[in-house]
Amino acid sequence: MKDQDTLYTGQLTYKEIEFTFVFDRKELRLIPPKDKKQEIEEQWLGTQIAPGLYTPNIPVMEDSHLSGICNESGRKIVFLTKRGSYIATHGNHLLGYSFVLSIKVIAYVVFKYDRSTIDRISFANSEINAIHPVNKSFTFSLGTDFEEFNQNGIMTLTTKDFDSTTTEAQKFSVDDKDVVIYFTISRGVSTKIGEAPLSLDSSLIFEFSPTNDYEFILRLWYIAKDFLSFLCYRRDIYLPITKLSAPCPDGKHEEFATLYVVGEDGRPNKEDLEKGRYIKQELISGHEGQILTDIAANKLYLRHIPESYDSGRHKDAAKFIMLTSAFEWEFRRTYPNGVQKSEKTLAIEKTATEAIELLFKNSSGKLRDKYRYLKKRIKDDPLQSEIEQIGTDFAEIIDLFGKRLYSLNDEKLVYTEMGKRLGDQRNHFAHGDLDKDFIDLSLLDLIFLERIVYAIQLRYYAIETPKIQNAINDLFHCGFALSQV
């Protein structure tokens, strides 16, 4: 069956009942056989409260996936569903009308060959082509000079070998399972009219121990998408087609199926790619595994990433809260013991803690809970202090971005004042202080904070300063003429 076909039909078995299915790439409908309708009505769609009397019941999906055979191709298709989701009913079975069951599908796998396990996923899209540039996979010659090429039209193009266009493999962990990640560039040759004679495409590859766990495969897909969103600082990243491979006896891989995720039909943002708003693989080389491990474990803060580059330029209260939260999350990862404090401050905190502890022991009920809360807050660092600490320790990385940004607005970068403005405005939003005037300069602070968050995140993985600066410069289109690394 061709990929562009819009409708799949066939047969599948669920809970020992063989259904006819119809799938329009969004919703899976199961048509029960006539001899099983009564059983489904009584055991799935109703709960018996008296002999012959039933009350309606909404069944839930008990499996993570369903396997069927397509009428159109005779090949296998697997529907990935959400375990525990409700199964809807179309038609009124209580009045004796025909009915079908409707199941929400998250993704589906169309098989070319029937294989029992998967050991590799290959992702490809426009962003991956940019992050691991295909233009570095070949060299070309125009003869002695461009004038000679204009006269005879002869050009020689030579592709580089696979090893030089494949990045060094890195490992990351997902739920205690090891996964290998690397980027590579594939070559395609065609003599057909209307097709490019040579095609070059980058791929992001995940390899792992053979498995038939489709929930794990889908989890890897989401991790890959979050990874690309992090590198592009936007969520409108689409992975419509993902290739699945099975292990071969010779240690190679056989591509045998395609994974499609429902709703992944958006178009790539060509403007962002043309302007280079992304972090190239070479700037994080050797650290991909660390980043992916933290994404899988929800340790890398990604909730503040905007839906698109354009939407990210519009700051509102919600984005203000999310960006400051991202900063504080990453600050705690970098400084697990908090802001560096003087001996005098530490002594005061110790005295205050001992005093609160005494009050806590001699209290009960809600008052005891209040003292417990106060004890936890004694060592909390205000946002202003955290900004000051970063301004001191990360000056080499971020000062050039901050000083340029503030000077363009006839202001000076002062981390103490920046921290106070951000802290005050964040508190106004968080506490609903609608009577407070918006602190205008805090908007400029927030724009700079976006750069700071990436600086903290990338430095956490011990990436070198020049690479971090190039990453921020490209990602936010800052316009600095930095030396390439």
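What is the mean pLDDT of the chain, and what share of its residues reach 70 or more? For this predicted model, the mean comes out at 87, with 89% of residues at 70 or above.

Turning to a single side chain, L449 sits in helix α14, which covers residues 441-460. Its relative accessibility is 0%, and the cut-off for buried is under 20%, so L449 counts as buried. As for what surrounds L449, setting aside residues up to four places away in sequence, it touches L323, T324, F327, I387, M418 and L422. Take L422 from that list: L422 and L449 are 27 residues apart in sequence, while their C-alpha atoms are 9.4 Å apart in space.

Next, a helix pair. Helix α12 (residues 395-407) packs with helix α15 (residues 465-475), the axes lying 9 Å apart at an angle of about 30°. Angles under 35 degrees count as roughly parallel, so α12 is roughly parallel to α15. The crossing of the two, α12 and α15, is right-handed. On the α12 side, E396, I397, L400 and F401 make the contact, and α15 brings T465, I468, Q469, I472 and N473. Sorted by class, the contact between α12 and α15 has five nonpolar residues, three polar and one charged.

Definitions and conventions. Residues numbered from 1 in each chain as written. Predicted model: local features only at pLDDT ≥ 70, side-chain atom pairs only at ≥ 80, totals over all residues. Heavy atoms only, no water. pLDDT = per-residue confidence, 0-100. Helix = DSSP H or I, 4+ residues; strand = E, 2+ residues; numbered from the N terminus. Buried < 20%, exposed > 50% of the residue type's maximum accessible area, 1.4 Å probe, protein only. Contact = heavy atoms within 4.5 Å. Axes fitted to C-alpha atoms, helices over the stretch in contact; angles between N-to-C directions. Parallel < 35°, antiparallel > 145°, perpendicular 65-115°, else oblique. Left-handed = near helix turned anticlockwise from the far one by under 90°. Nonpolar A, V, L, I, M, F, W, Y, C, P; charged D, E, K, R; others polar.
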